[in-house]
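Colleague: Hey, I've just opened this one and I'm new to it. Can you walk me through it?

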Amino acid sequence: MQARIKWNNRKYTEFVSDLKQSVNKYFEDNKISRNADYRMVLKTVVMLSLYIVPYFLILFGHFGQWTMLGLCCLMGTGLAGIGFSIAHDALHGSYSKNEKINRFLGMSMSFVGANDYMWKIKHNIKHHTFTNIYEKDEDLSVVKFLRLSPNAPHRSIHRIQHIVAIFAYSMLSLSWVLYTDYNKVFRYKDKMHPRKEIIKLFAFKIFYYIYILAIPMIFLPLAWWKVLIGFTALHLVGGFIITIIFQLAHVVEDTDHPEPEESGLIDNAWIVHQMETTANFAIRNPVITWFVGGLNFQVEHHLFPDICSIHYPAISHIVESVAKRHEVAYYNHRSFLSAVNSHFKTLRKLGRPVKTN
């Protein structure tokens, strides 16, 4: 069994103190909340509309089959937007100071088919705590035919992973709504799940299957398999968008994949570990920043997950400045395409056979 991870937080104490004080000073000097403002509320309305409006147009719009398929793809885009801009902030507790509001908005994850409780375990605990540490960070073990860490065992299928990755990424959302959540109920044996969360999981799943599959099959003049095609298209689009955005943050050139010592010690401060394993991209692109909920500012997000993503562009200047002052890594790809290129270069590199002495 792998030893429990421990951090050497005695390192970089001046940097950590300087960073926290500088960011706190920004909010205090400008007298603004660390949570959502009107911009975030407006974006919430837009993203929900991007998912809900196409659904009702499909049911009542009397459109042709190809138009309905396009509306399904639009729903997939809305699904990704809900995950990026509503659920993600809410489940980190950064959307509002009111925890009830965060819980309510966090259930938007369950509304679109995934389970917010299981996602919090996987993302908030396992990914944010142990970023890029193989066998701890579950984002590095999406499927066995992808090798996303140099510390993972190599298989022959990995030689073509930069090609099959597109298929795997597209399947993520479909997997979550049909398999992953149920699997995690039994896999997370180290945690006793509250009964109400298990009940909520199954209740939302039934609700989701009814409105997304049963109702269209009953009321639309379409064969059942055509409804399944639309359902699949929705999730292929949403799954690919979500996965590629998250992969560009950690599985790219420069980012580190440290191995703990036998004692479980990571000889690094936790905050610096986050900076060395995380990268930003396209932070000067307002369209991407708006759509992905600031998740192109992954460095800022990993350092301050309790701050709403709407503030990341502003505090990024502070984080970069403090990092340079203390000679700490701050990784950033100028554009979305350069980050994509770096990711697939990394996939090809990780797919090569491991050289042994």
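Colleague: What should I know before we start?

Modeller: This is a predicted model, so local features need pLDDT of at least 70 and side-chain atom pairs count only at pLDDT 80 or more, while totals for chains, interfaces and linings use all residues. Residues are numbered from 1 along each chain as its sequence is written, and side-chain values use heavy atoms, with hydrogens and water left out.

Colleague: Okay, helix α6: is it enclosed or open?

Modeller: Largely enclosed by the rest of the structure, because 11 of the 14 residues of α6 (residues 116–129) are buried. Buried means under 20% relative accessible area, exposed means over 50%, and partly exposed is in between (1.4 Å probe, protein chains only). Helices here are DSSP runs of H or I with at least four residues, strands are runs of E with at least two, and both are numbered from the N terminus.

Colleague: Which residues of α6 are buried?

Modeller: Among them are Y117, M118, W119 and I121. The buried set also includes D116, K122 and H123.

Colleague: And what happens at the start of α6?

Modeller: There, the backbone nitrogen of Y117 has a side-chain oxygen of N115 within 3.1 Å. That's a polar contact: a pair of N or O atoms within 3.5 Å, where within protein one must be able to donate a hydrogen and the other to accept it, and residues adjacent in sequence count only if both atoms are side-chain atoms.

Colleague: Switching topic: how many salt bridges does the structure hold?

Modeller: 11. A salt bridge here is a side-chain nitrogen of Lys or Arg within 4 Å of a carboxyl oxygen of Asp or Glu.

Colleague: Which residue does D29 pair with?

Modeller: K25, with the closest N and O atoms 2.5 Å apart.

Colleague: What does K184 meet in a salt bridge?

Modeller: E138, at 2.9 Å from N to O. This pair links distant parts of the chain, 46 residues apart: K184 is in helix α7 and E138 in the loop between α6 and α7. Both K184 and E138 are buried.

Colleague: And D181, what's its partner?

Modeller: K205, at 2.8 Å from N to O. That pair also links distant parts of the chain, with D181 in helix α7 and K205 in helix α8 (residues 195–219), 24 residues apart. D181 counts as buried at 0% relative accessibility, and K205 is buried at 3%. Salt bridges that share partners also join D116, E197 and K200 into one network.

Colleague: Where does R103 lie?

Modeller: In helix α4 (residues 99–106), and R103 counts as exposed at 51% relative accessibility.
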